[in-house]
Amino acid sequence: PRVRAQLLKELTRMREGDQPIHIALSGKDDDQTMEFVKSLGKAIRTLEVLPSHRIASIDSEKLNKIQLSDKQDGLKNGCVAIRNAGKITADTAQSILNMIEQFGEEVIVILVDQNSSLDFLMAEYPALAKYFKYNK
């Protein structure tokens, strides 16, 4: 309940402000972090930020092998959690950027990885970084 209240507060603040709604999330324990991501999806639905609390979860290495543009219509009005996000390629970063720009606030992207990997990702792809809420 306490974590959910914190999530609701942060999402409300992000939604009402002029801040990015996409999130870069650092976590050590992948299972624990993904449970947090699921809670985030429920909070997003509770606040009616998006009409669905559906979260598509994919590892970056698998995402690098597919064409995101072929799948993105199915991701609209939901969240996309990308695990091991620091390993995305330049083409994948561009595809994520294109999806964010096309759908605007109709999709929320959550990048999940260790701090050092997220730091690298944000430095490597500054055009993508500007869309993400990321506090070290």
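This note covers the salt bridges of the predicted model.

1. Basis. In this predicted model, local features need pLDDT of at least 70 and side-chain atom pairs count only at pLDDT 80 or more, while totals for chains, interfaces and linings use all residues. Residues are numbered from 1 along each chain as its sequence is written, and side-chain values use heavy atoms, with hydrogens and water left out.

2. Count. There are three salt bridges in the structure (a side-chain nitrogen of Lys or Arg within 4 Å of a carboxyl oxygen of Asp or Glu).

3. Glutamate 35 and lysine 38. These side chains form a salt bridge at 3.4 Å, N to O. Both residues sit in helix H2 (residues 30-46), three residues apart, about one turn of the helix. Helices (H or I, at least four residues) and strands (E, at least two) are DSSP runs, numbered from the N terminus. Glutamate 35 is partly exposed because its relative accessibility is 46%, with buried meaning under 20% relative accessible area, exposed over 50%, and partly exposed in between (1.4 Å probe, protein chains only). Lysine 38, at 47%, is also partly exposed.

4. Glutamate 61 and lysine 87. The closest N and O atoms of this salt bridge are 3.5 Å apart. The pair links distant parts of the chain, 26 residues apart: glutamate 61 is in helix H3 (residues 60-63), and lysine 87 is in the loop between strand S3 (78-83) and helix H5 (90-103). Glutamate 61 is partly exposed at 40% relative accessibility, as is lysine 87 at 49%.

5. Glutamate 106 and lysine 76. Here the closest N and O atoms of the salt bridge are 3.8 Å apart. Glutamate 106 lies in the loop between H5 and strand S4 (107-113), and lysine 76 in the loop between helix H4 (68-71) and S3, 30 residues apart.
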